[in-house]
Amino acid sequence: MKHPPPPITAQRTGPILAGLVLASWLFSLAAGAGELPATTAEGFAIPQPGREFIFPRDHGSHPEFAVEWWYITGHLTGSGDERFGFQATFFRRALKTSGGTNLPPESAFGHEQIYLAHMALVNKSTGDFRYQERLNRNGWDAAAATDTLDVRNGNWYLRRMATNAPDAEAFELHATIGADIDFQLRLAPGKPPVIFGSNGVSRKAAEPSAASHYLTFPRMAVSGTLALGEVLRTVTGEAWMDHEISSSQLGKDQVGWDWLSLQLLDGRNLMAYRMRRTDGTTDPYSTVAWVDLQNRARHTGPDQFQWTILKRWHSPKTGADYPALVRLEAVNPATGRTEQFLVEPEVADQELAGATGGVAYWEGACTVRDGQQKLIGRAYMELTGYAASLRGKF
Amino acid sequence: MAPAPVGISKILWTRFTWRHWCQAPVSSFLLLLILALGVATFFSIRLANRAAVLSFQNFAGLITSQSDGIITAPAGALSESVLPELRQRLGRSPVTLVPVLEASAVAPTLDAHQTFGPRPTFQLLGLDLISLANLSRPSDGLQRWFADSDPTQDSGKDFLSVLDRSDSVFISPALARRDQLKTGSRLSLVINARPVELRVAGLIPDDPRQPAAPVNLMILDLPALQHLTAREGQLDRVELVLPEGPQRAAQWAHLQQRLQPPGDAGPARWRLSSPAERRSAASTMTQAFRLNLTILSLLALLVGLYLVFQGLEGAVVRRRNEIAVLRSIGVTSRQIQRMWLMEAATIGLVGGLLGLGLGWLGAQGAVRMVGLTVNALYYATSVETAPFDLPEAILALFLAVLASILAGVRPARTAANTPPAQIASRAGAASDPPGRFLGRPGIGGILLILGIGLTWFPPLHLAGGTRVPVAAYAAALCWIFSAGIFSGSLLAGMGRLCQRLKPGSVTLRLASSQLRSPSGRHRLAVASLVCAVGMTAGMAILVGSFDTTMRGWIARTFQADLYISSDGAQTASSDSRIPPETWKAVAAHPAVERVNLIQVMPLEINGVSTLVVGNHMDFFRDYAHPAWVSAPANDDVFRPDRNAAQVLVSESFAARFNVRRGDTVTVPTPGGPRTVTVAGIFSDYGNERGSLLLEQEQFSKWFETDLAVSLILAVRPGQDPETLRAELRAAHPGLGIFTSSYLRGEALRIFRQTFAVTYALELIGLVVAVAGLAFTLASLLWERRTDLNTLRALGLRRGELAGAAAWEGALMAAAGTIAGLAVSLALGWLLIYRINLQTFGWTLQTDRPWGQLAALSLLVLASATLTGGIVGRWAARLPAEREE
């Protein structure tokens, strides 16, 4: 196998944990079942139920945890009929505990934290997909503040804009891809974040330590500029942002996961993940979460949904066969009715081949249709563990 | 004149030119070979020079591909605190910043006996191993670094273990093969006078798009190297890499504008330059040295061309009858001329091609010699091979063909002027000998005076501090020509003298009768010998003077007892330093009476590279006994309390920057430019870039460093330096410690090593000149073959004829040698007082190595006599010319 396998963590861990970064911490997963300890064997914090989140501090970094990411995916429209999808991901991975303090020592070239970031842009009209990965150590060129949202990696950054009014809260994202793609976006959540899971903890596997704090702004208003080559245009759209904090998320027999964020035209949002096990079955800790207009989430288990792959796409780059048309049939806990969502990529090749991190995955803009083929929303889908599995390495 | 049928050239070529070549394959081949030798000399030196310049490589370039820009400090190290500032200035620009730290290291000497001088040095490159992942485009990223590291470990663990310890080093696959190292192997090195043990963390990955990592390259994580070299917080430079894409050019313009140092906010903290600018700075540094080599190598080519001329002239004479026949059957004189020019061009082409092959081979040897010098005097190179270079090859071939055609112009005209057979007569044939202008002493006199006039001209100043003594080179040329002309008169005089003495020897009488009124061909052969002998002897005088001067300087300068530097770091290019805790411990030893602490900062003043040196001025005065070009007016400069920014500069510095005592110089420092006053100028032969001596405390403050390059110790009376040396060596195994007597010998040895190339070139020039003499004799004797037959008919034996030829050769060689030695004295003066002084700013004490000059003369005389004898024996066997 050319690439190290993808992580078998829960949901969106995929790319982050890529390769080496990832691999080192997989050893720390051995937290035993039973009573929930406060820390992992290595001394990283384990998400505890009942945690009270305080903002904007909790938008910032939590170095007492091993793994953290800020993950934005969204859909943009430019002038005329130009339509784009974008992904902006900032990962943080602790290589060692910070020794009781929250702050890593001041150093231009630290090695307490590793920051990986992925930027991607897909032009839905032309099918052109571009992405870039970046890896840096904590220090002069990559950092994440602990008191507010301010994370950067090279010339890429995501930060909370200065404001006192909680309603006016907004984030600023800057990304470039290569020499000629540049987007600078203002992201306004409008509502407080959704906190997924039970009592502030989102479980990923049977092991109780495999869990995260999972905070999401499911539909942020986006406005800004996008430069393609010399042409600068203004863009508007909607984005989904996850902020997830954990120290270990892996189940022992998981090979990868499928993840979906659905933004429906009727205003509802859904988040769904299916943890895939070695035997091809769906892990019981998989879930579909229904988010209502007030950003309240209701979780349903695998017995309440059916995840069917109708078509596959073969990647010429990595040889992986990714799902290319997915039917999600799920029972709406509010109505008890089963709803059907047909999720289809807008562009087949939205694979991030993993040159830097060493793990290939697919993360792409999709359309959502109902059983009658009527367009009912947009989605981003993430597919990991198809190019290679972590199993066999451990 | 009606145009000739198309096929005539071809017929002439195959039936005439080619046939003659085939009839005398040995001499044809020799002619080609000698021309090839000339071309080869030129080509190999050019290739070796090129390789030495190219080897000033940006080692980081192997990893980063080509960077687009380089940020350095105006002076000294770059603080890593500029990094966030640069990122902020760059704003949204997608530039990857690659901080780089460099160091060198050597393998420790295990036994007590240390040798001075360059040892195999490792180049240590400190790079942020994590952000390297962002550079590979396209590639499989960091795994290439960590993939093979240890199959039993997973890559992530290994990755962390590399970052977590500062002794992890990545080595080149070539070194791994050579020394049988693998991941986990231990490696002992001396870095900055400190023995360290490193662990091989992996191999530098091979990248098919890049040249393979040199065997001596090692890569460490940047903070680890900072720690190992005690340079925490410091960088040598930051390389800027722009992403690929159509916007790249626009991005670069934007970036240059963004990184302009602030005009108002204090001194500039960085300097932005392009990689091309850095490479050209390196090539400027060695420009003078390389130019001198090129000029020397041209000499061999010129002598080779003279031979082509000789060979063609001889051929015209030998084939005169055939030409006459051709003319009488209607071949036009223009066609004849074209045929000869074609022959000349063919000789140039074939000889040139042969020369390229020989030259490429020679370059592989020369490159090591050139590299040795560059290493000792300028910067670290790891050059071992000189790659073939097409433009250089085309230049050499072009020169060979062009010059062959030029050499063929006259013979071709002679051939074209050959009358048709009907009116041909032998008397007419000899009426137009070559080199007639050489028989005019008046021209010689004019050239002599012109040369004298040219010595008053100053050198040509090029950018970067390079000075080229154009007028002095021209003067040398004038004098060589002038001596060549006078040597013809000398030859005639010698011939007449021999006649008058009426020697008993019939062979000498025969020889001298030929020389009484020497032919143009005689004069040419002697003139070329004058040129070769003059240049060789002139260089011998220069090198001899250099040697004497160096010996005096070394004896004067190395008067203290012990000299200490980081082990294996005794070249100008070394960047090894002694950390303060080490030099303080050494200085505190009870047997030490006085200490001089030497600190060095290479930097650029007004775009010209030079060295600023920190040292104790009073120690310098007391133990280095400087010879003053311009002595300080008072003692203030030697007293730290009264020094007040006064400096001493070396003679080469004064020449490079055109300063005199009392002038001020502005020196860039991390804290901004400082102005110093030149209090005195001293002679120095340590380096050609020039040095500016600053009081050590001042230096330490201005350049914010307490790392020393070397330490010089004076031992208390009654203490034995050898004992102290052994004691210090035991306490500090990373130091190279030498006594002054040992150092004096070694310094001279290294100095002499740097002249190795020069000697090789001169030898080639001399061989070519003697071969030319042989050719001349051969064609002279050919012309006289009827006379030779008559002489044999009169009863002379072959041995006697050979003896006559030997005498002829010997007398010509004698005339050439005498005139050559005479001009060499003038050239020696020119080399010492004009060319060398103007190029390097080194005043030398003249010394004429008479022994060497005598040996040279004997060598030329002996080989000329011997060749004369061999050619004469050959000529004596020539059949008599058939009567028509």
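This is a predicted model: local features need pLDDT of at least 70, side-chain atom pairs count only at pLDDT 80 or more; totals for chains, interfaces and linings use all residues.
1. A residue is called buried here if 20 or more other C-beta atoms lie within 10 Å of its own, exposed if 12 or fewer do, and partly exposed in between, with C-beta atoms placed from the backbone. By that count B:Gly442, B:Ile449 and B:Gly453 are exposed on the other side of helix 16 of chain B, whereas B:Gly444, B:Leu447, B:Leu448, B:Gly451 and B:Leu454 are buried.

2. Residues are numbered from 1 along each chain as its sequence is written, and chains are lettered from A and ligands numbered from 1 in the order in which they are written.

3. Chain B has 29 helices and 23 strands, which are DSSP runs numbered from the N terminus (helices H or I, at least four residues; strands E, at least two). Of its 884 residues, 50% count as buried.

4. The buried residues of helix 16 of chain B pack against helix 17 (470-501) of chain B, where contact requires C-beta atoms, placed from the backbone, to lie within 7 Å.

5. Leaving aside neighbours within four places in sequence, B:Leu711 is in contact with B:Ile564, B:Ile578, B:Trp583, B:Val586, B:Val595 and B:Leu597.

Technical notes: Two residues are in contact if their C-beta atoms, placed from the backbone, lie within 7 Å.
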